[in-house]
Amino acid sequence: MSTEIRVGDVYFNLGDDDGNPSSGEIATERRVLETAEDHPHTETLPVLADPAADRLDPDLMQRRADVDEKHRRVVEFLERNGYDAAILGRAESVSWFTAGGELRQNLGSSERASALVFVTRQSRAILTDNVQSPRIFEEEVAGLGFHLKERPWHEPVEANVAALSRSKKVVTDTHGLGLAVDQDGLGELRLALTRLERQRLRELGRTMTLCVEATCRNFHPGETEADLAGHLAHRMLREGVTPVDLCVANDDRARRYRQPTFKSVPIERMATITAVGRRHGQCAAVTRIVSFGPVPKAVQEALAVAAMVDATAIYFSRPGQSVAEVFRRVRRIYEKFGHPHEWTLATQGAIIGYRPVERPLLPETSFPLRSHVPVRWTPSVGPARSEDTIVVDERGFEVVTEAQRWPKLEVMVKGFPLPRPGILER
């Protein structure tokens, strides 16, 4: 078995990095490309909640079941660690617990939410002020089983927290409340996707892909990186997706900088677009490259190596596999093709979720990957970068940002096809 890739007339043969595949690899290979059965047939956008709606509405019942599942996870955490209650205050934690409620303080907020969630074994409550409470209870958490602990807007939330925490051992993910803080422990509860979250991520991934690829197909030579970022942000916002991070670089800046922001620099020949978008609190990331005219051979070859690294990382991202072991295989691909130091020049990936980076994927990370955990691998070689959002699954992996109307590279890992996005020539 070997790892192979063909890009135009360029043919790469990786060879076998570990000899023959193990029996475990053979057993899992047959199912590595299988994905979940409940793929969406149509796209859905966030719908404004009707506070007077029938509480038996199917969508609401699905959200209520999701909140109940989150509540169970928090209660299990409390029991394992000897706490009586938890207070969730970070924006990503509150969105997670409320099944996608939009409770951030502002569009780009990544710290404390506009409300706190107080969770005990028996109940859950929203702690907020009289300005926020009408919208939150009518548009974000109606029918989801939350109590309200309201305060005047001019009074600090700490008084509410102190009253509710009296005679209790309380843990929080937010600093400044005078309580025990366990941000990592509580954050780990949101890594594995629920059924609702996985469906939403599929829909978000497809929307993100269509937005990025449409932007690549429809801009004109001479437009600036900022123009492209504006076109893309417009498409995303129309679909209810908040742009969290937009990186647009022409061929020169993509070669010099591994994580460029967008500038007022004209694009004459090539552009690389990386976008992270958020909807229902969840994030997805995607990268695409577009060229006016034929792609230089050096760029083709660079993307070929990046694509092989990407495909290898995706293939071995399986439940129980440690990040360090996947990273070992990633580094070996770089080494075999004469780029042993490329991985040191840019981050190589992360667990993605309610934050663009829930956990970075580092060379010595012993953390084992688990089912239903979303991952973004981001290998790059020179100006070329390969990136999609996937979900690790016991039945294989699922690429939620799979290329749509887009050229693909023919990549083989251990004899199995793992197509990666190529470069669109216009």
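User: Over the face of which ring does Arg426 lie?

Analyst: To read such a feature, look at the charged group and the ring centre together. In this predicted model, Arg426 lies over the face of Phe219, at 5.3 Å from the ring centre. Arg124 is placed over a ring face too, that of Phe146, at 5.5 Å from the ring centre.

User: Which ring does Phe219 pair with, and is the pair stacked or edge-to-face?

Analyst: Read two values, the centre distance and the angle between planes. Planes over 60 degrees apart count as edge-to-face. Phe219 pairs with Phe292 at 5.1 Å centre to centre, with 70° between the planes. That makes the pair edge-to-face.

User: What does the pair of Phe219 and Phe292 tie together?

Analyst: Check where each partner sits along the chain. Phe219 is in the loop between helix H7 (195-218) and helix H8 (225-238). Phe292 is in the loop between strand E11 (282-291) and H10. The pair therefore ties together parts that are 73 residues apart in sequence.

User: Are Phe219 and Phe292 buried or exposed?

Analyst: Both Phe219 and Phe292 are buried.

User: How many aromatic pairs does the structure hold?

Analyst: Six aromatic pairs. One of them joins Trp96 and Phe97, edge-to-face, at 6.1 Å centre to centre and 65° between the planes. Trp96, Phe97 and Phe146 form one aromatic cluster.

User: Why does Trp96 count as buried?

Analyst: Compare relative accessible area with the cut-off: buried means under 20%. Trp96 counts as buried because its relative accessibility is 2%. Phe97, at 0%, is buried as well.

User: Which residues touch the most other members of the largest nonpolar core?

Analyst: For a core, look at its members, then at the elements that supply them. The largest nonpolar core has 43 residues, and Ile351, Val375, Trp377, Val411, Val413 and Ile423 touch the most other members. Elements giving at least two residues each include helix H11 (323-336), strand E14 (374-377) and strand E19 (408-413). H10 gives the most, with 12 residues. Another core lies apart from this one, with 29 residues, among them Leu232, Val248, Ala284 and Val400.

User: How many residues of H7 are buried?

Analyst: In H7, 19 of the 24 residues are buried, so this helix is largely enclosed by the rest of the structure.

User: Where does Ala180 lie, and which residues is Ala180 in contact with beyond its sequence neighbours?

Analyst: Ala180 is in strand E8 (residues 180-181). At 35% relative accessibility, Ala180 counts as partly exposed. Set aside neighbours within four places in sequence, and Ala180 is in contact with Tyr83, Val170, Val171 and Thr172.

User: Now the whole chain. How many helices and strands does the chain have?

Analyst: The chain has 11 helices and 22 strands. Buried residues make up 54% of its 426 residues. Among contacts between residues at least 6 apart in sequence, 66% join residues at least 24 apart. The accessible surface comes to about 18200 Å², and 51% of this belongs to carbon and sulfur atoms.

Methods. Residues are numbered from 1 along each chain as its sequence is written. This is a predicted model: local features need pLDDT of at least 70, side-chain atom pairs count only at pLDDT 80 or more; totals for chains, interfaces and linings use all residues. Side-chain values use heavy atoms; hydrogens and water are left out. A nonpolar core is a set of buried Ala, Val, Leu, Ile, Met, Phe, Trp, Tyr and Cys residues joined through side-chain atoms within 4.5 Å. Buried means under 20% relative accessible area, exposed over 50%, partly exposed in between (1.4 Å probe, protein chains only). Helices (H or I, at least four residues) and strands (E, at least two) are DSSP runs, numbered from the N terminus. Rings of Phe, Tyr and Trp (its six-membered ring) pair if their centres lie within 6.5 Å; planes under 30 degrees apart count as stacked, over 60 as edge-to-face and the rest as tilted. A charge sits over a ring if NZ of Lys or CZ of Arg is within 6 Å of the ring centre and within 35 degrees of the ring normal. Contact means heavy atoms within 4.5 Å. Accessible areas come from the Shrake-Rupley method with a 1.4 Å probe; for residues, only the protein chains shown count as cover.
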